[in-house]
Protein chains: 2
Amino acid sequence: MLGTELLPIGEVAHRAGLAPSALRYYERLGLIEAARTSGGQRRYPRSVLRRLAFVRAARHVGLSLDEIKDALATLPEARTPTVADWARLSRAWRARLDDQIAGLTALRDGLTRCIGCGCLSLRSCALSNPGDAAATFGDGAQFLPESLRED
Amino acid sequence: MLGTELLPIGEVAHRAGLAPSALRYYERLGLIEAARTSGGQRRYPRSVLRRLAFVRAARHVGLSLDEIKDALATLPEARTPTVADWARLSRAWRARLDDQIAGLTALRDGLTRCIGCGCLSLRSCALSNPGDAAATFGDGAQFLPESLRED
DNA sequence: CTGCAAGTTAAAGTGAGGTTGAGGTCAAGG
DNA sequence: CCTTGACCTCAACCTCACTTTAACTTGCAG
């Protein structure tokens, strides 16, 4: 049957926009699996492309490969992910993106205020200097969202 | 004079929200300098806090330490950065943040569309799978902004 | 059957942005 | 003076996400 053809690593890598070495790496980490030919070469079912698509999308959203592995684990591997699976995960991603966007927006707006006041160039702008602010009037950044603080 | 007191590294690190090791590292990279006691210990003028604030803020905006070094180089070290210096740099950062925000927003919106269609779970969602899309109808991601593509 | 591109492995390398450890010194309070 | 915590240097190590290298094998077109 044409539907069950298996793809070699180079083909999959090309179609997924990844290097073959990345696929081997993902396999070592347990993100994907491959069948083998009698000679030991990897052969992938087309479904791996879906899995890799998932990995790529998740990485864009900022998940680590470790987190992605966990997310993949919730999609029973034998089973084709349902629309519900996808909706659940993408809602979580959306929240993550919303957070990231909110954080950057807050930073940008704080920056815009600073352009007006010149405060960073002067003394202790809370945008950039949470530690020093702490020394004088409380603690933590005033403009930076939790997600962007590094302390 | 009280105005010229010099701070030891631990104090500066604490106020800047960084580890002492990071300050030594920044010094090696040429981002900051320190005076030394006769015994060889670092002593920092308060102005280093401003410099570190700058570094922190720039890192939040996504600049590498190398880029930050270049940016710092345009602020003559002896001279207190003027409001104009700050405005110039923060305008550049703002553009960068605008790009980042736009990219994430585009990604989020693509994701939102996908929640409806379930396409990632099905075949070849351009959001997640630019490579496979290339195999079938052109090339490159359809939703992802340039800045977020990895190919 | 041959030639050679594409595949295999394990281990080491990359680069950003630091941290950790060993071994030793300095500075300030009691 | 003495202790003790903070500091010093240098080199090695860390995480993440891969890539590269070396030495070798497979698989398929001709």
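**Helix packing and DNA surfaces**

Student: What angle and axis separation describe the packing of helix 1 (residues 9-16) of chain B and helix 3 of chain B?

Tutor: Helix 1 of chain B packs with helix 3 of chain B at an angle of about 40°, and their axes are 10 Å apart. Axes here are lines fitted to C-alpha atoms, for helices over the stretch in contact, with angles from 0 to 180 degrees between N-to-C directions, and helices are DSSP runs (H or I, at least four residues) numbered from the N terminus. This is a predicted model, in which local features need pLDDT of at least 70 and side-chain atom pairs count only at pLDDT 80 or more, while totals for chains, interfaces and linings use all residues. Residues are numbered from 1 along each chain as its sequence is written, and chains are lettered from A and ligands numbered from 1 in the order in which they are written.

Student: Why is helix 1 of chain B called oblique to helix 3 of chain B?

Tutor: Angles under 35 degrees count as roughly parallel, over 145 as roughly antiparallel, 65 to 115 as roughly perpendicular, and the rest as oblique. The angle of about 40° therefore makes helix 1 of chain B oblique to helix 3 of chain B.

Student: Which residues make that contact?

Tutor: Val12(B), Arg15(B) and Ala16(B) of helix 1 of chain B meet Val48(B), Leu49(B) and Leu52(B) of helix 3 of chain B, where contact requires C-beta atoms, placed from the backbone, within 7 Å.

Student: What makes helix 3 of chain B and helix 4 of chain B oblique to each other?

Tutor: The axes of helix 3 (residues 47-60) and helix 4 (residues 65-73) of chain B come within 10 Å and cross at roughly 135°, and the two helices are therefore oblique to each other. Arg51(B), Phe54(B), Val55(B), Ala58(B) and Arg59(B) in helix 3 of chain B meet Ile68(B), Ala71(B) and Leu72(B) in helix 4 of chain B.

Student: How do the residues of this contact divide by class?

Tutor: The contact of helix 3 with helix 4 of chain B has six nonpolar, no polar and two charged residues; Ala, Val, Leu, Ile, Met, Phe, Trp, Tyr, Cys and Pro count as nonpolar, Asp, Glu, Lys and Arg as charged, and the others, Gly among them, as polar.

Student: What surrounds DNA strand C?

Tutor: 20 residues surround DNA strand C, the closest being Gly10(A), Arg42(A), Ser21(B), Thr37(B) and Gly39(B), and a residue is near a strand if its C-beta atom, placed from the backbone, lies within 6 Å of it. Helix 2 of chain B gives the largest share of this surface, three residues.

How values were computed. Two residues are in contact if their C-beta atoms, placed from the backbone, lie within 7 Å.
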